[in-house]
Amino acid sequence: MKLAEALQERADLNKRIAQLSSRLCMNATVQEGEKPAEDPVELIKEFEACTSRLEELISKINLANCNTLVDGVSLTELIAKKDVLTMKINSYRDLLNNASRLSQRATRSEIKILSTVNVKELQKRVDDLSKELRVTDNKIQETNWKTEI
């Protein structure tokens, strides 16, 4: 199985487990003399099987991420880099949005609002970080499809 396939299965299992948990809660109680819409015992069996498989996949994925190198760097390190780049980009975009909101004065007596940062330079920084994020993500995705676990 490729690492990318394991990641897809992990995502599917997470959704399935959330659905099963919800269905278990909906069938946890019934009015006396009634039957639940679904058998909680069967739902619990399926829930246990899914969570067991998820644990197995997470372990394999984490080991593969630690042991797989891309240009001398582990996938774990690349994923950390991607996460931090995403955080930086989002924060800088928020800063840009606020720094770019300069209100127009109708009269000379109104308060003039000025940006405290160089918007042009900051936008260039965001563009550069976005490119670095795309390159990093592409390396991760490519490696995920090449790596056997």
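Two directions count as roughly parallel at angles under 35 degrees, roughly antiparallel over 145, roughly perpendicular from 65 to 115, and oblique for the rest. Helices (H or I, at least four residues) and strands (E, at least two) are DSSP runs, numbered from the N terminus. Axes are lines fitted to C-alpha atoms, for helices over the stretch in contact, with angles from 0 to 180 degrees between N-to-C directions.

This is a predicted model, where local features need pLDDT of at least 70 and side-chain atom pairs count only at pLDDT 80 or more, while totals for chains, interfaces and linings use all residues. Residues are numbered from 1 along each chain as its sequence is written, and side-chain values use heavy atoms, leaving out hydrogens and water.

Begin with helix H1 (residues 3-26) and helix H2 (residues 40-67), whose axes come within 9 Å and cross at roughly 150°. H1 and H2 are therefore roughly antiparallel. Their contact has 17 nonpolar, four polar and six charged residues (nonpolar: Ala, Val, Leu, Ile, Met, Phe, Trp, Tyr, Cys and Pro; charged: Asp, Glu, Lys and Arg; polar: the others, Gly among them).

Next come helix H3 (residues 75-99) and helix H4 (residues 119-146), packed at about 155° with axes 9 Å apart. That angle makes H3 roughly antiparallel to H4. In this contact you will find 15 nonpolar, six polar and eight charged residues.

Finally, look at the loop between strand E1 (69-70) and strand E2 (73-74), where Asp71 lies. Most residues other than glycine have a negative phi, yet phi of Asp71 is near 50°, a positive value.
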